[in-house]
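I want to go through one interface, one chain fold and one residue.

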Amino acid sequence: MSINRVLIYSVLTFVALLYLLPLVVMLITSLKDLDEIRSGTLLSLPQSLNFDAWGKAWGTACTGVSCEGLKGYFWNSVLIVVPAVAISTVLGALNGYVLTKWKFRGSDLFFGMLLIGTMIPFQVILLPMARTLGFFGLSGTTSGLIMVHIIYGLAFTTLFFRNYYISIPTELVNAARIDGAGFWLIFFRIILPVSIPIIVVSVIWQFTQIWNDFLFGVVYSSGDSQPITVALNNLVNTSTGIKEYNVDMAAAIIAALPTLLVYVVAGKYFVKGLTAGAVKG
Amino acid sequence: MHALKIQNVEKTYGKVNVLKGINIEIEPGQFLILVGPSGCGKSTLLNMIAGLEEVTNGNILIGDRNVTHLDPKDRDIAMVFQSYALYPNMTVRQNISFGLEIRKTEKSEQKVIVDKVSKLLQIEPLLDRKPKQLSGGQRQRVAMGRALARDPSIFLFDEPLSNLDAKLRVEMRSEIKELHQRVGTTIVYVTHDQIEAMTLGDVIAVMKDGEIQQMGSPQEIYDNPRNQFVAGFMGSPSMNFIPCRIEQVEGVMQIGLESAGEQHQVIIKQTIPGLASYAGKNVVLGIRPEQITQQGEDKVDSAMLDCAVEIIEPTGPDTQITARINGVKTICRIHPTAECKLDELMPLMLDMSKVVFFDPDTKQRIY
Amino acid sequence: MKKKSSAPRQSLGNFLPKLVVAPTFVVAVIFIYGFMFLNAWLSFSSSRMLPTYDWAGTIQYEKLFANDRWWVAAENLLLFGGLFIVICLLLGLFLAIFLDQKIRAEGAIRTIYLYPMALSFIVTGTAWKWILNPELGIQRLVREMGFESFTFDWLVNTEMAIYTVVIAGVWQSSGFVMALCLAGLRGIDDNIIKAAKVDGASMPLIYRKIIIPGLRPVFFSALIVLTHIAIKSFDLIVALTGGGPGFATDVPATFMYTYSFTRGQIGLGSAASMMMLMAVAAIIVPYLYSELREKKDEH
């Protein structure tokens, strides 16, 4: 190998280590006890694999008022993510289908309108939404949060499906119409079967966005209805007594595991979603 | 009863007038070709016959029924698309029977129809494959099979051979012709390839800018073009258009042709009454390459010219020569064995019995 | 021959397709545009703890601009945003160029560079908060390695804290720029590069004159997205510094949250959010305009 190649590989590997370091540090720290943490450094290995901090993070750590660890909030997040992802994906698919294969006057304008919805900072709808949820008795509930995620996820899912369906030739739909198929038949028998790649992209993207969300969670949920990101932040920032860094790290890893796992398993779809979102129009 | 009747059909997109008053009538069993350059409106017209696009004005009748506002599925038509448009997630068998399934045909009858159609098109071994496993020609046949299975009163073809390579195109062309002879259904076929038009059609409609320029049998359109556009569009290599001056000398029409520095006066023996009013003016002479050959047996109505050979292109069955008459590049077709050398003078014979004349300004034919 | 594909004609009246997108349409009108309008109204009202829909002119904006903390937040956004965007772009481009050299473990390395984007900003903030811990984090690590007098207390240093946000942000998002640039690099026509080589150009020259200019559209996409991320930054700061020390790392997003939801100053908060909207619009609108004009030119 030439000097150039050696240089390139070294740089890339070094940078890769830098990227991995925080995760490694988190892992190591979560497996130490407090004495080891106080006497060692970030990179000093634990003497034994001590999973106490994990147990605490899951079941007994204090997240604000209650001290029952992250487990309840983990399930909250699941409860929020599943319907929100499902509904926003289904609606996004139907929207994309109509906007590309059943265009009507103003459909392009409508799409443009939606597109703007992907660009606004959510701070501008935060207050009115809070008021609205309060009005309908949905503030501080899981259902309210689900609704919010669906509403603001629609623009993205529609974008994904619309950009994907545009490349399905209209002749295919025309052939089906001549064969006698109508709106729904064409969707279920012809469009949907070839939509698997984009469905995966949309689900993974939405899952990651909604699971990782904090802004909507912290504003629209409270107490028992909080998602795991909010609980994690509470856990880490509650300063009652000694800071248990190992519990903090274990908790962070628990919160990160689902999206990390999805990324490792289906990473390429994740990337497709990222690049599709950036290549607008 | 006409198989298809298009009455005064117009189509506008916003302010653009894409089709301007189309009138067509064809009999059952006829093969109609819509041919023209891109943008002429032929595909739009086909889509309107299919019901995939709305008619702005006018009527479309299939058989006795006014279908102008009916859905595609109610018009008893079938269509073969340029990109075949096969359903990617279904097998060939399912592709063919999809339309039957929607019409709730009995499963047993579906099977009979699929078997018959696949036998006719020789695609039986492909029935359980998916479209992506098929070659271009095979896909084309499946697309035709799908259309045949519906047993419609009219078949619509939208440039079905454009995506095939040249050799396959010629093969499929004769297969379509054969199919038409066997099955005998009315066909409306869109193409931009004038060779396809000539070889396949019973009736050709040459279109340009949303209007039908001329409609007739292939030979009629070839021999008797109504204007310069039709004359130049049909036939390859295309007709030569030579501007020349026409004189009336002692009651006889003559045109002046200059070649390789020599001036010739050629007598027009054809009876073309309209020419008289152009005496002393310029007209455009239209003469096809195959009407300019090497000198051989004297034909009744021919002219002899010596021409300087500029380009020689052997094609196998003949040799194409580019010469210059009246300053215009003229393509001639000579026998492959005739002697000719680059930049040398060659004696050529022009068959004047079939030449045509056009008004240089209106481009219309002078009769 | 390219065919102009025509959209299918509407049948069954054209009400069914419209019916299907109607819910989304209603949602968009109400929850995006309606709310933006309401929010704007709030910013012109005298709302405090509870929203009141009166007309109070521009007093909220005046209060905003007279608020020192707001200016700290705005300045922080410029500082953090600027550094974050520039470093991410440079780093991402650099890494992409290196990765494009037919590396054997490319897939694995790409996966490693991108995984931070799968994490919540809260997780990122929590992790880096620990790593940059003034006593037990990097400072101690480097000291143990022999540099006895090394100090790294940026996290609690009023002047330097904002730079910790840059570090954490770059770690999370540079992989994304790398992915975009890599896709862009791969999209450059090989034949152009071959032609340049035949003409005698050296690789560095080819990079400078052909490849990097060819990445312009990708750069713009990345710029837009990064700007967006920067302006919206909320989670990261909450988890990493809590806006502190004091409010040294406040940004408009945290400012807005604090004043709206913990200080009962809804009017002020909505004014802050409108400013954020305008910042985003200032970037997006010219970009959209140039995109649309390009499309029109292409016809």
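How many salt bridges does the rule find across the interface of chain A and chain B? I get two, a salt bridge being a side-chain nitrogen of Lys or Arg within 4 Å of a carboxyl oxygen of Asp or Glu. I looked up A:Arg189 with B:Glu101, whose side chains meet in a salt bridge at 3.0 Å, N to O.

Ground rules before I go on: this is a predicted model, where local features need pLDDT of at least 70, side-chain atom pairs count only at pLDDT 80 or more, and totals for chains, interfaces and linings use all residues. Residues are numbered from 1 along each chain as its sequence is written, chains are lettered from A and ligands numbered from 1 in the order in which they are written, and side-chain values use heavy atoms, with hydrogens and water left out.

**Interface of A and B**

I checked the area: chain A and chain B bury about 1700 Å² between them, 61% of it on carbon and sulfur atoms. Buried area here is the accessible area (1.4 Å probe) that two parts lose on being put together, summed over both. On the chain A side, A:Glu171, A:Ile178 and A:Asp179 lose the most area to chain B, together 41% of what that side buries.

The contact (heavy atoms within 4.5 Å) takes 15 residues from chain A and 24 residues from chain B.

**Chain C overall**

I count 13 helices and zero strands in chain C; helices are DSSP runs of H or I, at least four residues, and strands are runs of E, at least two, numbered from the N terminus. Its radius of gyration, taken over C-alpha atoms, is 24 Å, well over the 19 Å that the globule rule gives for 299 residues, so chain C is more spread out than a compact globule. That rule is 2.2 Å times the number of residues to the power 0.38. Along the principal axes, the C-alpha atoms fill a box of roughly 80 × 70 × 30 Å.

Buried residues make up 52% of the 299 in chain C; buried means under 20% relative accessible area, exposed over 50%, partly exposed in between (1.4 Å probe, protein chains only).

**C:Gly175**

Is C:Gly175 buried or exposed? Buried, because its relative accessible area is 0%. I place C:Gly175 in helix H7 of chain C, residues 161-186. Leaving aside neighbours within four places in sequence, C:Gly175 is in contact with A:Tyr19, C:Tyr113 and C:Leu114. I also noted that C:Tyr113 is 62 residues from C:Gly175 in sequence, yet 5.0 Å away in space, C-alpha to C-alpha.
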